[in-house]
Amino acid sequence: MSILLIVLLPLIASLLPGILSKYVKGIHTGYFVLIVPVIASFYFISLIQSVLSAPIIKHYSWMPSIGLNFDIRLDGLALLFTLLISIIGSLVVFYSIHYLHKDEALGRFYTYLLLFMGAMFGVVTSNNVLSLYLFWELTSISSFLLISFWYHKQKSTDGALKSMLITVFGGLMMLGGLSILIGITGTPVISEIMAQATKIHAHPLFMLAVVLILLAAFTKSAQFPFHIWLPDAMEAPTPVSAYLHSATMVKAGIYLIARFTPLFAVSNVWTYAIVIVGLFTMCFASIKAVNQIDLKGILAFSTVSQLGLIMSLLGIGSLSFKAGHETLYYIAVTAAVFHILNHASFKGALFMLVGIIDHETGTRNIHKLNGLMFIMPITFTLTTLGVLSMAGVPPFNGFISKEMFLESVLLSTEHPMINTIVSSFILTLMFVGSLFTFIYSLKIIKDVFIPNNIKNNSEKKPHEAPVLFLLSPIILICVMLFISVFPDMFRPLLQSATSAIVSNNITLNHIHHFHGVNTPLIVTIAIIVIGSALLYFISKWQNVYQLWPEQLKLNNLYNFALDQSQKLSFEINRRLVYHSIRFSIASIFSTLLIITVYVFLKTDLSIYFESIANIRLYELILILIIVIATIMILKAQSRLFSIIMLSAIGYSIALLFVFFKAPDLALTQLSIETISTALFLMCFYHMPKKYRHAEEKKFKFTNVLIALSTGVIVSLIALVSYSNKHFTSISEYYIKNVYDLAAGKNMVNVILVDFRGFDTLFESSVLAIAGIGIYTLIRLRKTRGEQNEETTR
Amino acid sequence: MNMDIIVIIALMLVSFAMLGILYRVIKGPTLADRVVALDALGISLMAMIALFSVLLNTKYFISIIMLLAVLAFLGTTAFAKFIQKGEIVEYDRNNRTNH
């Protein structure tokens with residue numbers, strides 16, 4: 001089976017749910033959809049052996065002229081992600097069958113979900129930056145659609161908008177960064193870009209590319225301060241939260257960082273930014289998670305925090321590219337990859353369990369839930385297992401990767417790049433982050449399941465969920481337990497993925513539970529002890545959260561920024577667009593002036609008077625008449641006077657045509673001038689009496705300035721273009737051939753109807769259109785028969 | 001050659017006359033003054049074009065003179081009617097009846 005077919009299978013299949021949900025009413029659409037991820041899972045599992053020996057590279061042409069092809073590269077890292085996407089995808093689809101009732105818009109839901117799945121496959125298997133970007137944006141769009149699935153809820157649409165704005169911002173940054181890479185290397189294929197690493201490092205735009213790619217990864221993976229979209233995305237249906245916002249999409253940024261680490265790791269900005277932002281996000285989000293009252297809110301912040309952890313591990317891993325401690329930091333990358341796997345398993349399960357609690361009790365508010373331990377024993381057991389793994393308690397898999405995390409951070413402080421201040425900073429963040437992770441994890445158990453004396457006041461009478469509903473989380477928890485018990489089974493996969501990131505074949509040591517009594521173990525014990533103590537006294541110190549000022553919360557800043565930008569654009573619009581026409585015209589002319597003056601200053605233009613003709617006295621007098629009439633128009637007190645002066649100018653110009661030997665022009669000009677004068681008079685007659693005569697023309701200095709300088713500039717342009725004639729005119733041809741070729745003696749008319757008859761044709765049509773337009777304007781009025789005195793505002 | 005000088009002198013004179021007429025158009029205390037001045041302006045334009053065709057020794061401008069004569073008449077009539085009745089074409093577009 002072609003690998004391309006599998007990658008595109010969800011996208012192709014996404015055409016079907018709409019039809020199925022409409023015509024196959026008896027069976028839940030989810031059962032049909034389930035086939036797709038299951039096929040993909042089996043396919044990718046069957047590929048494991050071959051990928052572990054060598055990455056699969058395929059090329060399929062799509063749009064070769066712009067370099068956009070399906071270049072597929074399936075190495076260890078990509079395989080890990082495709083396995084996560086397909087397997088968790090299958091479980092989520094199965095879970096959603098029980099979560100979503102048949103009355104919901106199932107066709108829509110599964111179409112979006114399959115779109116997302118296909119996009120995600122595309123992101124992780126792309127070996128071409130253009131298709132990578134394309135699929136990246138498709139994940140943003142499908143995520144937007146899924147978050148706003150219940151679009152009648154205001155919070156859903158708000159959350160969807162927020163996630164869209166932030167992730168698309170990041171996506172566009174990524175497009176910039178990738179374009180720089182294409183610009184430097186001339187190829188969109190990632191492996192070929194990697195091959196030209198030294199060329200890229202020497203390029204001046206390298207740093208910009210680093211920053212842009214970092215922004216893309218941080219926004220997608222909800223790193224500080226772009227994490228704010230993720231908690232709001234919890235308005236999505238729970239299967240979506242479990243799939244997109246814990247296991248797959250939010251890891252796209254992680255994937256991006258991992259994928260480009262070999263290229264960018266030489267940059268200190270890259271390493272520092274990832275380590276510091278990652279650790280800070282981890283610490284910050286875990287502290288925030290403790291104060292949430294919505295179960296999904298806790299899990300959302302927990303996801304942000306765990307993503308920060310993985311991110312920081314990748315940052316530490318990128319230290320391995322610098323001289324010295326190479327092998328030492330491979331463990332960090334391994335830990336990152338391992339934690340991606342672990343996090344996907346327990347977080348997916350936890351989200352589904354929270355969904356089950358929500359489904360069976362009608363609320364997710366931890367203040368309303370209480371003592372579910374004996375009512376929902378299976379859910380309780382599963383949740384406890386997941387939560388303990390999340391908290392990093394031995395012997396679960398979360399403990400193993402957490403242990404590796406602590407070890408990596410401790411080791412990183414020995415690196416020459418990390419000085420004492422930075423190292424103490426990251427050690428603090430690490431400890432506080434892990435501590436609060438422990439607290440919020442166990443707080444879920446304490447608040448929801450352990451009975452206390454507050455009465456349970458959930459909205460429904462709670463009861464245990466059906467087994468099939470519980471099947472997906474059970475499978476995930478079993479996988480989690482399997483990883484916990486036999487972590488070493490996954491070593492080849494991790495090794496392959498790690499090798500793909502550090503682009504070096506490495507051999508991992510055995511993954512143990514127990515490394516002997518060392519610093520990480522002591523830190524873990526300290527965390528458990530202090531965390532338990534803090535959790536016990538949580539009601540005593542939880543008020544600390546109230547101290548942080550409301551205005552400085554990032555959500556408020558986001559809302560403020562959104563609000564202000566809206567106001568600002570409205571204001572700009574009001575000032576520029578809805579302002580008077582005078583203003584628009586003034587700005588048009590000023591722009592013209594600025595551009596022309598700039599061109600005049602930049603180019604070397606000179607004015608000659610050698611070829612100028614003699615000026616005769618009667619021409620001068622005629623010009624004088626025109627000038628006087630023009631000035632009189634400006635000075636006129638009444639509109640009628642202006643009209644008269646305007647026609648005086650028109651007639652004088654006709655005379656000018658006579659002087660310059662253009663009888664046809666003079667004829668036309670005279671008739672047109674007469675008609676337009678008559679039209680002006682008609683307009684004048686229909687003006688309200690009040691506005692006919694008294695004309696207030698305020699003297700405005702800026703207007704005068706703009707008018708004068710426009711006049712001067714246009715005269716200058718005329719002079720310059722007259723002085724710089726470079727070619728002889730083609731009129732000689734017309735003079736020679738007007739009679740021989742066109743059988744006419746009036747050259748103007750022959751040009752109009754013969755040499756260049758097309759212009760005449762279309763000018764006639766212009767006149768026809770104008771005539772019809774005037775007719776329709778006069779005749780077709782909605783309020784026919786009403787007195788229609790125009791009022792000018 | 002002498003003819004040319006005479007024509008040019010005549011052209012000058014008409015030009016100055018036009019300047020004078022323009023003064024009346026601008027100053028003319030009433031609208032009627034201005035309209036009459038405009039009429040005179042049209043006539044002097046005709047004279048000027050005639051003189052100019054003599055100078056250029058061409059017959060192509062004759063039609064312009066004719067046209068000007070018609071237009072000057074029409075324009076003056078239109079203005080006269082406007083001064084008299086306040087409108088030029090008597091057509092009420094709202095009721096669409098002539099009166």
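A cavity here is a set of grid points where a 1.4 Å probe fits but cannot get out, and its lining residues have an atom within 4 Å of a point. With that in hand, let's work through some exercises on this predicted model.

**Exercise 1. Find what lines the largest cavity, and say which helix gives the most to that lining.**

Start with the count: the search comes to 2 cavities of 30 Å³ or more. The largest cavity has a volume of about 50 Å³. Its lining is made up of A:Ala391, A:Gly392, A:Lys402, A:Leu406, A:Ser434, A:Thr524, A:Ile527 and A:Ile528. Next, sort by element: helix H18 (397–412) and helix H22 (519–536) of chain A are the ones that give two or more residues. H22(A) gives the most, with 3 residues.

**Exercise 2. Classify two aromatic pairs by the angle between their planes, and locate each pair in the chain.**

The whole structure holds 26 aromatic pairs over all chains. Take A:Phe70 and A:Phe135: their ring centres are 6.5 Å apart and their planes meet at 35°. Planes under 30 degrees apart count as stacked and those over 60 as edge-to-face, so this pair is tilted. A:Phe70 sits in strand S2 (residues 68–74) and A:Phe135 in helix H6 (residues 129–147) of chain A, 65 residues apart. Both A:Phe70 and A:Phe135 are buried.

Now A:Phe81 and A:Tyr255: at 5.3 Å centre to centre and 75° between the planes, the pair is edge-to-face. A:Phe81 belongs to helix H4 (residues 76–99) and A:Tyr255 to helix H13 (residues 250–264) of chain A, so the pair ties together parts 174 residues apart in sequence. A:Phe81 and A:Tyr255 are both buried.

**Exercise 3. Name the residues of an aromatic cluster in chain A, and find a charge over a ring in chain B.**

Ring pairs link A:Phe109, A:Tyr110, A:Phe149 and A:Trp150 into a cluster. In chain B, the charged end of B:Lys59 sits over the ring of B:Tyr60, 5.7 Å from the ring centre.

Terms used: Residues numbered from 1 in each chain as written. Chains lettered and ligands numbered in written order. Predicted model: local features only at pLDDT ≥ 70, side-chain atom pairs only at ≥ 80, totals over all residues. Heavy atoms only, no water. Phe/Tyr/Trp six-rings, centres within 6.5 Å; stacked < 30°, edge-to-face > 60°. Helix = DSSP H or I, 4+ residues; strand = E, 2+ residues; numbered from the N terminus. Buried < 20%, exposed > 50% of the residue type's maximum accessible area, 1.4 Å probe, protein only. Lys NZ or Arg CZ within 6 Å of the ring centre and 35° of its normal. 1 Å grid on protein atoms, 1.4 Å probe; cavity = no way out; pocket = protein on both sides within 12 Å on 5 of 7 lines; lining within 4 Å. Points joined across faces, edges and corners; volume = space filled by probe spheres on them.
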